[in-house]
Amino acid sequence: MGYVDEVIERVIAKNPGEPEFHQAVKEVLESLRPVVEANEALYRREALLERITEPDRQIKFRVPWVDDKGQVQVNTGYRVQFNNAIGPYKGGLRLHPSVNIGIIKFLGFEQIFKNSLTSLPIGGGKGGSDFDPKGKSDREVMAFCQSFINELYKYIGADEDVPAGDIGTGAREIGYMFGQYKKIRGVYEGVLTGKGLSYGGSLARTEATGYGLLYLTEEMLKCNGLDIAGKTIAVSGAGNVAIYAIQKAQQLGAKPVTCSDSTGWIYDPEGIDVALLKEVKEVKRARLTEYAAARKSAQYHEGRGVWTVKCDIALPCATQNELDLDDAKALVANGCLAVAEGANMPTTLEATKYLQENKILFAPGKAANAGGVATSALEMSQNSERLSWSFEEVDSKLKDIMVNIFHNMDAAAKKYGHEGDYVVGANIAGFEKVATAMIAQGVC
């Protein structure tokens, strides 16, 4: 049994009941075989794979808060600080009923390599809670966020661990958390990113993940002799990533025709109306049925089905494992050319393999959706310098970062004999920088 197989087996045995974490570790380590086999003696001696798959620390805590009826509610909070070899821990806070330690570990593990790919000095971490902000009043959300930070503040700081937003954690939640941190610590520092523009936030942060996804997709297509202009795009999700991916796709001359939420999906053959989608999702916080009711060309469907629509490019932007093997087969049958992941691990391992076997260009999430964390790191820089850059400055830096990510993962894939396999390329490119730093810093 090889070193990679030994570590995968050990991770599964040590972390029972955490399938998402197992999947993430297996996907990364399998693709690292070429670089591990080239350096096996060194990596074994340093126990490098064991160290990189074991978080520096896992924090779990109680979050009590009082609802509008005066009833005390209790949720569970998490923060996994996975690896800080190249910089402070950096990763979002997910607020969703599905959150558990296994999901946070999978996200934190992925974050190590995603953050490394940006070429910015940030390590990997993730956190969150099983609290659901949907249907809660502003006062209830504030009560939860303040209680959450009452415990988390002990473990975070501008040079230690800098959380950000994620599913369920937007500008409102970040604002409440930042205010409570500032009150407890008595300092004004860039401890959280995704802040409002009036108190240290960055322009283009809201758009960053979706825009970055399209910048990388455009570069991937261009380097494979294709033009994004005129292409039909299927997008899943209707949150921050999906909305701004749709917006940027339209700016680049493409035609996004779908979006989805937890209850159903929209097919709009005339192209998604971004202004209407923003009104429904960002202002009203309503379901996509309202989009369909307001636009004659839109067709609303219950349940799943986004990937049955004929498209040139597929952008899964909702959640993990949303694109399965049957979906991949439908995309291939319909002539899809490329898939780029806007969400974290939205494509199952079987689906990814099928897409690659059928010569579909495939950009993994740790590369394709790195725009959000890259711009968060740019927000950290602005906070440290006490500066605020223009939208155009941030957007230009973001595009440069995403184009460089593509070329770095393309070069890594070619270096180890896997040309065109961007999963292998992204994982190796992200891993090598972290591995070099870990070895240089000794056993710690």
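A nonpolar core is a set of buried Ala, Val, Leu, Ile, Met, Phe, Trp, Tyr and Cys residues joined through side-chain atoms within 4.5 Å, where buried means under 20% relative accessible area, exposed means over 50%, and partly exposed lies in between, with a 1.4 Å probe and protein chains only. The structure is a predicted model, in which local features need pLDDT of at least 70 and side-chain atom pairs count only at pLDDT 80 or more, while totals for chains, interfaces and linings use all residues. Residues are numbered from 1 along each chain as its sequence is written, and side-chain values use heavy atoms, with hydrogens and water left out.

The largest nonpolar core has 103 residues, and the members that touch the most other members are Leu-29, Phe-109, Leu-216, Leu-277, Tyr-291, Leu-315 and Phe-431. Helix α18, residues 422-440, gives the most to this core, with 10 residues; helices (H or I, at least four residues) and strands (E, at least two) are DSSP runs, numbered from the N terminus. Apart from this core lies another one, of 22 residues, which includes Ile-59, Cys-145, Met-177 and Leu-192. To look at one residue in detail, Tyr-291 touches Ile-266, Asp-268, Gly-271, Ile-272, Asp-273, Leu-276, Leu-277, Val-280 and Ala-298, when residues up to four places away in sequence are not counted; contact here means heavy atoms within 4.5 Å.

Five strands form an open sheet with mixed pairing, in the order β1-β2-β4-β3-β5, and two strands are said to pair if DSSP finds at least two bridges between them. The edge strands are β1 and β5 (161-164), each of which pairs on one side only. From one strand to the next the twist averages 20 degrees, where axes are lines fitted to C-alpha atoms, for helices over the stretch in contact, and angles run from 0 to 180 degrees between N-to-C directions. Strands β1 and β2 run antiparallel and are joined by 10 bridges; along this pair, Phe-61 stands opposite Gly-77 in β2, and Val-63 stands opposite Asn-75 in β2. The hairpin of β1 and β2 has five residues between the strands, and in it Gly-70 takes a positive phi near 85 degrees. Strands β2 and β4 also run antiparallel, joined by six bridges, and Tyr-78 stands opposite Gly-128 in β4. In a regular strand the side chains alternate between the two faces of the sheet.

Helix α7, residues 138-152, has 15 residues and should span 21 Å at 1.5 Å a residue, which agrees with the 21 Å between its end C-alpha atoms, because the expected span of a helix is 1.5 Å times one less than its number of residues. Buried residues in α7 are Glu-140, Val-141, Ala-143, Phe-144, Cys-145, Ser-147, Phe-148, Ile-149 and Leu-152. An α-helix has 3.6 residues a turn, so residues three or four places apart point the same way. The buried residues of α7 pack against β1 (57-66), β2 (72-83), β3 (89-95), β4 (123-129) and α8 (171-185).

A second open sheet has three strands in the order β8-β9-β10, with antiparallel pairing, and its edge strands are β8 (258-260) and β10 (299-302). Strand β8 pairs with β9, residues 264-267, over three bridges, and the bridge partner of Ser-260 in β9 is Trp-265.

Lys-366 has its place in helix α15, residues 365-368. Is Lys-366 buried or exposed? Lys-366 is buried, because its relative accessible area is 1%, and a polar contact of 3.3 Å joins its side chain to that of Glu-27; a polar contact is a pair of N or O atoms within 3.5 Å, of which, within protein, one must be able to donate a hydrogen and the other to accept it, and residues adjacent in sequence count only if both atoms are side-chain atoms. Thr-193, in the loop between α8 and α9 (208-222), is buried with a relative accessible area of 0%, and a polar contact of 3.1 Å joins the side chains of Thr-193 and Ser-376. Glu-419, in the loop between α17 (391-415) and α18, counts as exposed because its relative accessibility is 64%. Leaving aside neighbours within four places in sequence, Glu-419 is in contact with Ala-413 and Lys-414.
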